[in-house]
Each structure stands twice: as structure tokens, then as C-alpha cells.
Amino acid sequence: QNMLEELLIHKPDDPIQYMINHLKQNNDDAPRICVLGPPASGKTTVAMWLCKHLDAIRISQETLLFKEILVLTKEAKAYKERKQKIPNALWANLIQERLSNVDCIKQGWILEGFPENQEQAWMLQSSGIIPRHVVVLYAPDTVLIERNSGKRLDPFTEEVYHTTFDWPSDPLVQQRLVKPEDLSEQEMSKKLLTYHRNFPGVFQIYQKVLKLINADQPSMDVLSQVLTYVQTRHRSAAPFTPRILFCGPPGSGKSLQAALIAQKYGVVNICCGQLLKEAVADKTKLGELIKPYIDNGYPVPDNLVMKILAGRLNTLDCMTNGWVLYGFPRDIEQGEQLQQSHIIPNSNHDITYMKNLFMERYRSLLTLYR
């Protein structure tokens, strides 16, 4: 999916070589996160904390203008020195240049405060900068104005503190805190007004990957909610065939749950025991081989069970619609045979154990499939 996005954006002359290079160079599991929100909502605190926790690279206006040596840095700083607004296109190019560095590609990135408006968002997308998660902090304007007046900055670590809500316990840190060159209450109100005017356009673009989080609560609660969200995986748009396996002791409800799932989602319901009886009733070659075992009440050898089961699971209806299986495997050896036959349940449909998980054979299966 990531490669398809890149191909559509960059339209390379040699798509095959482009995909090969993508697989060699890119880490598709690396975080790509935007942390947005109005002034004083805690974007810096959240972004820095995420960087420490995920070992990602933090990108912000300050890092781009004052900590990076990029081709476009000098041009952007010239606008800043003249107290002119930096053009959206320049910001987008500056971010693209920074994110193309190997550390951002391998470790991932946390983009703090970007995009600020819909135009910036479109420019980032057209450059191939597509976040997987967008965190938007929000709080009442009165709270944000109060926070802004009490904000203090540690010039060494760039961590943000507050005189009321988050004062550091270390006396050395307290002494070196400085009041940032922030906005007056009137200017802060103007900034908030601009933010509220621009945010709907940004929301429209990122709504499928965007999470609103209330910043007017204890900082650890905010950070916990942010981390929980950025560690989720969005559902892929790729075709998906369910392969579901139920295990559990007799009477635990496997057959009922399998029937309900098969009815609701249209997958094929397969009971291993019933499959063996059908093979005998149909007088197939394998059915003739297993008939003596069933007639005498002996367990059917695993190799015969696997041949019948593999044949059923490879039929057109199972391959097309997916399946839900119960009654096999019953122990770790059967589970290993199932995997060796490349019959593997989907990773997000793990075995469900109804009860009696202390039983040793089901502990072994749990180890195999978890």
C-alpha cells in the first residue's frame, strides 16, 4: 500500500526498479506522525515525548530554522528575519528536504505543528509526505490563553513547563527556565482565531487518520491516549480472506461461535470431525482408509487428517470466501503440521479459548499461535 502511494505520487519511469529501491531503503514500519493543535495545547511536550518513546526524529519550525543545515534553511530564515510570513511552498520543500534524510527514513518522524492549513497539507501530500497518524490536541480557548501566560522553556532541553500546571522539581532546571517570546493575550486570541479558521480544511484531508485528544487533562493521561492511538494500525484496503481458528475443550462453544461467524461474514464453516465423517460417507479413497479407525473408535492418523483438511481448505469456496475451522489442531504436533502445510490463521484472528486454559495441550497451542 505504501509503495502504491509512492508510485502514484512520483510516477517513476521504471516502476519495478523504483519498488526495488523502496524495499531496500524504506522502513515502512517507522512512525509517520503529525502532532497538531492550537498554540499552548502541548504539541511540543507530546512530540518530544513520542520521539523519546518511539526513537523517532522530531521536526518543527524551530528545528528546521535553527538546528538544521539544509539547502533552503537560509532562504526561510531570511523571511523570518524580515518578519515576513514564510510561504507555504517553502515550508513544504523544507520539510520534504529534511524528511528525505536517512535518519527520518529509517527511524520515522514526528512532525510538530505542520501542516497549519489546507494548502500546506495538499503540498505535503503532493510531495509524498503522508502521515499514518495525525494527533490533534484541543482545549477551551480560555485554558489555552492561561497556559500561554505561564509557559516556561528550558533552553538546554527545549522542554516546556508551566508555572501552575507543570513546574519542574529539580532546582537547577527551575533556575534556567526562561519565558519564551510568546504572544500577548491579544495576539494569542488572534492566533487562536486563525487556527480555528484553518483547522476544518486540515481535518477534511486527514479525517481518516486523525484523532482528537482533549489536552485539558493531566499530561500523563494525554500522553497515554496519544501513544495508544499512534501504535494502532489502520485497516488496509487490500483484499482480505478470513482464516479463523477456534480451539478449546469439549463444550466450550467452538461449534456455536464458528456457526455464528460463518453466518454473519459468509465464510465456510469447517468442523474437522464432520469432514472426516463426510469423507467416509462419500466413499472416497481417503475415506476408505480412515473408515476402520472411525468404526473402531480409534484416532485417525494426523497425516490422513491433514490430507483431507488441506484438500477442503484449498477448494474454491474456502479460497474465495475464507474459512472458520474448529476440531483441529488438538495438540502442538498437529498445530505444527498445520503450519508446515501453509495453513495459517490470519494474525488478527487468533485462537479463542473459551475456558479451561490451564489444560497443557491448549497452553502449547497458545504458544504456537499467539
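Modeller: Buried means under 20% relative accessible area, exposed means over 50%, and partly exposed lies in between, with a 1.4 Å probe and protein chains only. By that rule, the buried residues of α9 are V143, L144, I145, R147, N148 and G150. The model is a predicted one, in which local features need pLDDT of at least 70 and side-chain atom pairs count only at pLDDT 80 or more, while totals for chains, interfaces and linings use all residues. Residues are numbered from 1 along each chain as its sequence is written, and side-chain values use heavy atoms, with hydrogens and water left out.

Biologist: What makes a stretch a helix or a strand here, and how many of each does the chain have?

Modeller: Both are DSSP runs numbered from the N terminus, a helix being H or I over at least four residues and a strand being E over at least two. The chain has 19 helices and 10 strands, and 42% of its 370 residues count as buried.

Biologist: Against what do the buried residues of α9 pack?

Modeller: They pack against β5 (151-153), β6 (160-162) and α11, where contact means heavy atoms within 4.5 Å.

Biologist: Why are α9 and α11 called oblique to each other?

Modeller: Axes are lines fitted to C-alpha atoms, for helices over the stretch in contact, and angles run from 0 to 180 degrees between N-to-C directions. Angles under 35 degrees count as roughly parallel, over 145 as roughly antiparallel, 65 to 115 as roughly perpendicular, and the rest as oblique. Helix α9 (residues 141-150) and α11 pack at about 135 degrees, with their axes 10 Å apart, and α9 and α11 are therefore oblique to each other. The contact is made by D141, L144, I145 and N148 of α9 and by E185, M188, S189, L192 and H196 of α11.

Biologist: Why are α3 and α12 called oblique to each other?

Modeller: Helices α3 and α12 (residues 219-230) pack at about 55 degrees, with their axes 11 Å apart, and α3 and α12 are therefore oblique to each other. On the α3 side the contact includes W49 and L50, and on the α12 side it includes V226 and V230.

Biologist: What makes a set of residues a nonpolar core, and which members of the largest one touch the most others?

Modeller: A nonpolar core is a set of buried Ala, Val, Leu, Ile, Met, Phe, Trp, Tyr and Cys residues joined through side-chain atoms within 4.5 Å. Of the 56 residues in the largest nonpolar core, L50 and Y206 touch the most other members. The largest share of this core, 7 residues, comes from helix α11 (residues 185-206).

Biologist: How do you know that S41 counts as buried?

Modeller: Its relative accessibility is 3%, so S41 counts as buried. S41 lies in the loop between β1 (32-36) and α3 (43-54), and its side chain reaches the backbone oxygen of P38 at 2.7 Å.

Biologist: What is the phi of A40, and is A40 buried or exposed?

Modeller: The phi of A40 is near 70 degrees, a positive value in a residue other than glycine. A40 has a relative accessible area of 12%, and is therefore buried.

Biologist: Why is K283 called exposed?

Modeller: K283 has a relative accessible area of 64%, so K283 is exposed. K283 also has a positive phi, of about 55 degrees, although it is not a glycine.

Technical notes
Polar contact = N/O pair within 3.5 Å; in protein donor to acceptor, adjacent residues only side chain to side chain.
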